Amino acid sequence: MEFFKGDKIYNFMGKRLPFLGFSTILVVASIVLLFTKGVNFGIDFAGGTLVQVKYDKAAPIDKIRDILNNTKEYKNSSITKFGSDDEIIIRVTTSTNSVSSDLSDEIRNVLADTGKFEIRRVDIVGPKVGGELREKGLMAFVLSLVVIMIYVSFRFEWRFALASILALVHDVTIALGAVSLFGIEVNLDILAAILTLLGYSLNDTIIVFDRIREGVQTSKESDLSKVVNDSVSKTLSRTTLTSLTTFFVVATLYFFGGEIINGFAFTLLVGIIVGTYSSIFIAASFLVQLKFSIEDFRAKEVEKVKKQKEKEKMRAMFEQGTV
């Protein structure tokens with residue numbers, strides 16, 4: 001396929017403004033969604049009680065809802081199907097002081113007239129714990145960005161670091177926008193998916209940046225856009241094949257892994273698509289927009305080599321006793 005030919009150079013930077021414009025629309029739409037619709041915090045972050053119940057036949061949801069509405073503890077509970085008609089999730093926005101075993105007995109007694117069933121899971125999270133988990137989750141995300149920026153600055157140059165952070169924020173914002181749009185319940189598994197997305201997207205970006213740096217060092221080209229086009233084109237096959245492989249694995253988890261990991265898999269699916277797109281079209285575009293100078297970079301590299309040679313010369317002279 002011509003798409004995978006490593007010797008073909010694509011003019012990505014010549015079309016960077018339309019790509020950046022499209023990404024800006026997606027990011028702005030995602031931010032609007034997050035501020036207007038918000039995210040659907042699950043038990044882990046909002047606090048409350050979750051009970052998973054499986055019936056031997058289709059669950060009588062209307063009857064269950066009527067029974068729970070007539071109780072004090074479970075009034076206004078949310079009842080949804082969980083993967084199939086015979087399995088449901090009961091969510092109560094307030095947590096109970098009972099331990100799981102007592103709560104299971106209580107639910108079993110309340111729903112005794114609804115048919116034959118078994119209680120498979122009971123999760124209880126207090127509102128204080130939920131608030132602490134939200135704060136720690138946000139802190140983990142911010143610290144990840146800070147550490148990533150420090151690492152990329154140390155390995156490359158500050159413009160590379162800023163470009164990579166902008167690309168990561170781009171990826172995460174769009175992924176969260178999709179989570180908000182489809183009403184995915186945000187729990188610890190979604191946080192894990194977002195942090196996984198940070199590492200996955202950064203890995204792709206680092207590979208592209210590494211090839212750009214190599215192109216700046218080895219080629220005589222002084223036009224950054226041409227160097228970027230050459231570098232991104234040479235990594236295109238690797239990026240595409242890696243992303244497709246990961247996409248198919250996560251898609252398998254989404255369609256066949258069960259309801260319990262659907263949110264995690266959905267977030268990763270969106271993240272893989274957006275992360276691959278940003279690695280090819282967006283990260284390097286930010287680098288060009290930040291006016292990275294090939295001449296200044298090469299001058300600094302020459303100075304580094306000069307200083308290294310001087311150090312080696314001084315060390316040799318010291319070892320020979322001439323200093």
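These are my notebook entries on what I looked up in this predicted model.

**Ground rules.** I number residues from 1 along each chain as its sequence is written, and my side-chain values use heavy atoms, with hydrogens and water left out. Since the model is predicted, local features need pLDDT of at least 70 and side-chain atom pairs count only at pLDDT 80 or more, while totals for chains, interfaces and linings use all residues.

**Helix α6.** I then checked burial (buried is under 20% relative accessible area, exposed over 50%, partly exposed in between, with a 1.4 Å probe and protein chains only). In α6, 17 of the 24 residues are buried, so the helix is largely enclosed by the rest of the structure. Just after α6, G183 takes a positive phi of about 65°.

**The core.** Of its 55 residues, F12, V152, F160, F209, I212 and V228 touch the most other members. The largest share, 12 residues, comes from α9.

**Aromatic pairs.** Which rings pair up, and how are they angled? I used the rule that rings of Phe, Tyr and Trp (its six-membered ring) pair if their centres lie within 6.5 Å; planes under 30 degrees apart are stacked, over 60 edge-to-face, and the rest tilted. That gives 11 aromatic pairs. Y10 and F12 make a tilted one, 5.8 Å centre to centre with 45° between the planes. F12 is buried, at 8% relative accessible area. F19 and F281 are also a tilted pair, at 4.2 Å and 45°. This pair links distant parts of the chain: F19 is in helix α1 (residues 16-36) and F281 in helix α9 (residues 262-289), 262 residues apart. F281 counts as buried at 19%. I noted that ring pairs link Y10, F12, F19, F22, Y277 and F281 into a cluster.

**Salt bridges.** My cut-off: a side-chain nitrogen of Lys or Arg within 4 Å of a carboxyl oxygen of Asp or Glu. The structure holds 10 of them. One joins R120 to E87, with the closest N and O atoms 3.6 Å apart. R120 sits in strand β5 and E87 in strand β4, 33 residues apart. R120 is partly exposed at 46%, whereas E87 is buried at 8%. Another joins R238 and D204 at 2.6 Å, N to O. R238 lies in helix α8 and D204 in helix α7, so this bridge ties together parts 34 residues apart in sequence. Is D204 buried or exposed? It is buried, at 1% relative accessible area. D210 and R213 form a bridge too, at 2.8 Å. They are three residues apart in helix α7, which means a separation of about one helical turn.

**Two distances.** L26 and G177 are 151 residues apart along the chain, and their C-alpha atoms are separated by 8.6 Å. For P18 and K300, 282 residues apart, the separation is 33 Å.

Terms used
Helices (H or I, at least four residues) and strands (E, at least two) are DSSP runs, numbered from the N terminus. A nonpolar core is a set of buried Ala, Val, Leu, Ile, Met, Phe, Trp, Tyr and Cys residues joined through side-chain atoms within 4.5 Å.
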